[in-house]
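Open the model in your viewer and keep the sequence panel beside it. We will go from stop to stop, with something to select at each one.

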Amino acid sequence: MDDLLYARLLQEQFNRELEFKDLTKKEDHEHRSGTRVTRNNVQVSEIDDYDYRNDVSPVDPSLELSDPNPDILTLFLQFNKRFFWGRLSSIEVKWSPRMTSCAGICVYEGRGGLCSVRLSLPLLKLRPRKDLVETLLHEMIHAYLFITDNDRDHDGHGPNFKSHMHRINKATGANISIYHNFHDEVESYQQHWWRCDGPCQNRRPYFGYVKRSMNRAPSPRDFWWAEHQMTCGGKYTKIKEPESYRQKKKEKEGQQAKMVESKI
């Protein structure tokens, strides 16, 4: 390894260790002085407080080589104890093999308060390990706010969310952000295209295009359909689809034709 690069890595590690110490210095003082510390109305003394000052950052560059494809359940359990005080033990985490519109989502199901964190396998398998870690932590913040505050807003990134986001970023050197849509990867899966022949083809930002990862034409099932009918009224025509899809379609049509001939 180049001496300059190695020196920079050592300096980054040293800086992170200083940040860890600064982050916990105030709480350590409060513990020693007997001050009652609370997080989301949960007293620190009532939960297993995790000391992460000497741990390697989960986004340390060296992990891209030593552990490029970590097990998400293992990460989840580590982060739950390390950053969320063990409050997420009832949360499910799993890969979603078909989700291609976003990298991750926190789903709240049923009246019983079931909560599931789902990560996009198609999108994140194309990204560095760091993006997986930051996406998982992003969704775990949503899950934590749901568990502690019953916050069910999937798109809510208010003061409480940002407070936890900044706290974890400061502790780890991560760059958890409000949004984590990977536009290039999302677009690579959107191989079914339609375009409207009405006035909306001249309007920003979509210029009449609808791009999807599945062969589902625009229809009244789309939440924006009624508004489109009122403001444009044009007709959507399919203009692009995957080559493999065309081939499968031809093969299916050929098989159906043979079946008809055999019946005759």
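Helices here are DSSP runs of H or I with at least four residues, strands are runs of E with at least two, and both are numbered from the N terminus.

Before moving on, a word on the source. This is a predicted model, in which local features need pLDDT of at least 70 and side-chain atom pairs count only at pLDDT 80 or more, while totals for chains, interfaces and linings use all residues. Residues are numbered from 1 along each chain as its sequence is written, and side-chain values use heavy atoms, with hydrogens and water left out.

**Helix H6**

Now select residues 159-172, which form H6 and include His164. The end C-alpha atoms of H6 are 20 Å apart, which agrees with the 20 Å that its 14 residues should span at 1.5 Å a residue; the expected span is 1.5 Å times one less than the number of residues. Which residues of H6 are buried? They are Phe161, His164, Met165, Arg167, Ile168, Asn169, Ala171 and Thr172. Buried means under 20% relative accessible area, exposed means over 50%, and partly exposed lies in between, with a 1.4 Å probe and protein chains only. His164 is counted as buried because its relative accessible area is 7%. Show its side chain and you will find a polar contact with the side chain of Arg167, at 3.1 Å. A polar contact is a pair of N or O atoms within 3.5 Å; within protein, one must be able to donate a hydrogen and the other to accept it, and residues adjacent in sequence count only if both atoms are side-chain atoms.

**Helix H3**

Next, select residues 72-83. This is H3, where confidence in the protein chain is highest, at a mean of 94. pLDDT is the predictor's confidence in each residue, from 0 to 100. At the start of H3, look for a side-chain oxygen of Asp71 within 3.3 Å of the backbone nitrogen of Leu73. The buried residues of H3 include Ile72, Leu75 and Phe76. After the helix comes Trp85, with a positive phi near 55°.

**Strands around S5**

Move to strand S5, residues 114-120, where 5 of 7 residues are buried. Strand S3 (residues 92-96) runs parallel to S5, joined by 5 bridges, and Glu92 stands opposite Ser116. Strand S4 (residues 104-109) pairs with S5 in the antiparallel sense over 6 bridges; there, Cys106 faces Val117. Two strands pair if DSSP finds at least two bridges between them.

**Lys125**

Select Lys125, in the loop between helix H4 (121-124) and helix H5 (129-149). Is Lys125 buried or exposed? It counts as exposed, because its relative accessibility is 56%. Its C-alpha is 8.5 Å from that of Asn69, 56 residues away along the chain.

**The three-stranded sheet**

Here the order is S7-S6-S8, in an open sheet of 3 strands with antiparallel pairing. S7 (209-212) and S8 (236-240) are the edge strands, each with a single partner, so one side of each has no neighbour in the sheet. S6 (residues 192-196) is joined to S8 by 4 bridges, and Trp194 has Lys238 as its bridge partner.

**Last stop: confidence**

Finally, color by pLDDT. The chain mean is 77, and 64% of residues reach 70 or more. Select residues 23-53, where pLDDT stays under 50. Where pLDDT is low, the predicted coordinates should not be read in detail.

How values were computed: Contact means heavy atoms within 4.5 Å.
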